[in-house]
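Please read it with the structure open, and turn the view as you go.

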Amino acid sequence: MGATGQRLDVSRAVAADLASIMAAERMDGYDQLVGRWSEEYHRSAMHDRRHAYFIVRLDGKPKGFAIVRDWNSPGRVCSVKRIAVTEPGCGYGRVLLSETLRAIFEETSGYRVWLGVFPDNDRARRAYEAVGFQREGLARGNAFFGGLHRDELIMSILRPDWLRIRRYLSASSALQLNHLVPPLCWPSFRRTDHLRQAGSSCLCIRWAVAAR
Ligand SMILES: CC(C)(COP(=O)(O)OP(=O)(O)OC[C@H]1O[C@@H](n2cnc3c(N)ncnc32)[C@H](O)[C@@H]1OP(=O)(O)O)[C@@H](O)C(=O)NCCC(=O)NCCS
């Protein structure tokens, strides 16, 4: 298993990223998992200050996006409205989520971040749990999706949870290099080697992706 030394970056998305965002939410099979918006709707959301868009890139190539709703709201509660990556199961989603949470808790006064996931979407649920989201319960008929009223599993992470994870990571010298990745991620990240670049933007990590 060799390392290819590719670079994974998470940053705020801009209008030029919309084509890749819309392509990601329209991936084959995703129509059963995530919503999709028109370009007009995305453009309006991207500029309405209520939404914040994040994009993950591998060597500059877009690999997925996350949309936060109620960014910096006075109620201090926001949600991850949508997330999708183009190559699921490679760990990109949890890095994107980790960085999105870091941005929320460091750049806003947000206290609670929640999301809804269809209960049978195990892959997404595992990625959420890996970055610290906890299950709260089933919200009946919470999503009108594909013409059906579907139940959603509600998950959340609170600021104290996130701070506890951060404290744990900074106390562990073994994890300092990849401290963006919470401890629950560790087992699956053993197959990779993360190196945080000294002096680089805090939204930028170097990730040596193990050849799979
Ligand atoms: C949800 C999503 C963003 C997560 O990102 P990701 O890069 O796939 O997540 P990761 O690779 O970090 O983690 C995926 C986890 O699911 C597991 N997994 C992978 N494929 C799986 C499958 N078919 N069934 C169940 N679990 C699966 C992985 O092993 C990993 O868990 P582990 O580390 O505990 O072993 C991504 O899967 C995605 O875009 N899915 C399609 C759209 C979607 O479902 N969006 C969320 C709607 S709420």
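1. **The chain as a whole.** Keep in mind that this is a predicted model. The chain holds 6 helices and 9 strands. It has 212 residues, and 32% of them count as buried. Now look at the contacts with a separation of 6 or more. Residues 24 or more positions apart make up 58% of these.

2. **The core.** Which residues touch the most other members of the largest nonpolar core? They are F54, V56, F65, A66, L96 and Y128, in a core of 41 residues. Helix α3, residues 92–107, gives the most to this core, with 7 residues. Take F54 as a case to click on. Leaving aside residues up to four places away in sequence, F54 touches V10, R12, A13, F65, A66, L96, E99, T100 and A103.

3. **Strand β4, an enclosed strand.** Strand β4 covers residues 77–85. Of its 9 residues, 7 are buried, so β4 is largely enclosed by the rest of the structure. Its pairing with β3 is antiparallel and uses 6 bridges. One place to check is V68, which stands opposite V80 in β4.

4. **From β4 to β5.** β4 also pairs with β5, this time in the parallel sense, over 3 bridges. C78 has V113 in β5 as its bridge partner. The chain passes from β4 through α3 to β5, and this β-α-β crossover is right-handed. Trace that path slowly on the screen.

5. R112 sits opposite L158 in β7. On to β6, residues 134–145, which is joined to β7 by 8 bridges, again antiparallel. There A143 has R150 in β7 as its bridge partner. The hairpin of β6 and β7 has 2 residues between the strands. In this hairpin G146 takes a positive phi near 55°.

6. An α-helix has 3.6 residues a turn, so residues three or four places apart point the same way.

7. **K63, a buried lysine.** K63 lies in strand β3, residues 61–69. Is K63 buried or exposed? K63 is buried, because 23 other C-beta atoms lie within 10 Å and the cut-off for buried is 20 or more. Not counting residues up to four places away in sequence, K63 touches V56, R57, L58, V85, T86, E87 and Y92. The C-alpha atoms of K63 and L96 are 9.6 Å apart, though 33 residues separate the two along the chain.

8. **H51 in strand β2.** H51 lies in strand β2. With 18 C-beta neighbours inside 10 Å, H51 counts as partly exposed. That falls between the cut-offs, since a residue needs 20 or more to be buried and 12 or fewer to be exposed. H51 touches A45, M46, I67, V68, R69 and W71, again leaving out residues up to four places away in sequence. Its C-alpha atom is 6.1 Å from that of D70, which is 19 residues away along the chain.

9. **Two loop residues with positive phi.** R49 is in the loop between α2 (39–46) and β2 (51–58). Its phi is near 70°, a positive value in a residue other than glycine. R49 is exposed, because it has 9 other C-beta atoms within 10 Å. N72 is in the loop between β3 and β4. N72 has a positive phi of about 55° and is not a glycine either. N72 is partly exposed, with 15 other C-beta atoms within 10 Å.

How values were computed:
Residues are numbered from 1 along each chain as its sequence is written. This is a predicted model: local features need pLDDT of at least 70, side-chain atom pairs count only at pLDDT 80 or more; totals for chains, interfaces and linings use all residues. Helices (H or I, at least four residues) and strands (E, at least two) are DSSP runs, numbered from the N terminus. Two residues are in contact if their C-beta atoms, placed from the backbone, lie within 7 Å. Two strands pair if DSSP finds at least two bridges between them. A nonpolar core is a set of buried Ala, Val, Leu, Ile, Met, Phe, Trp, Tyr and Cys residues joined through C-beta atoms within 7 Å. A crossover is right-handed if, with the strands pointing away from the viewer, the path from the first strand over the helix to the second runs clockwise.
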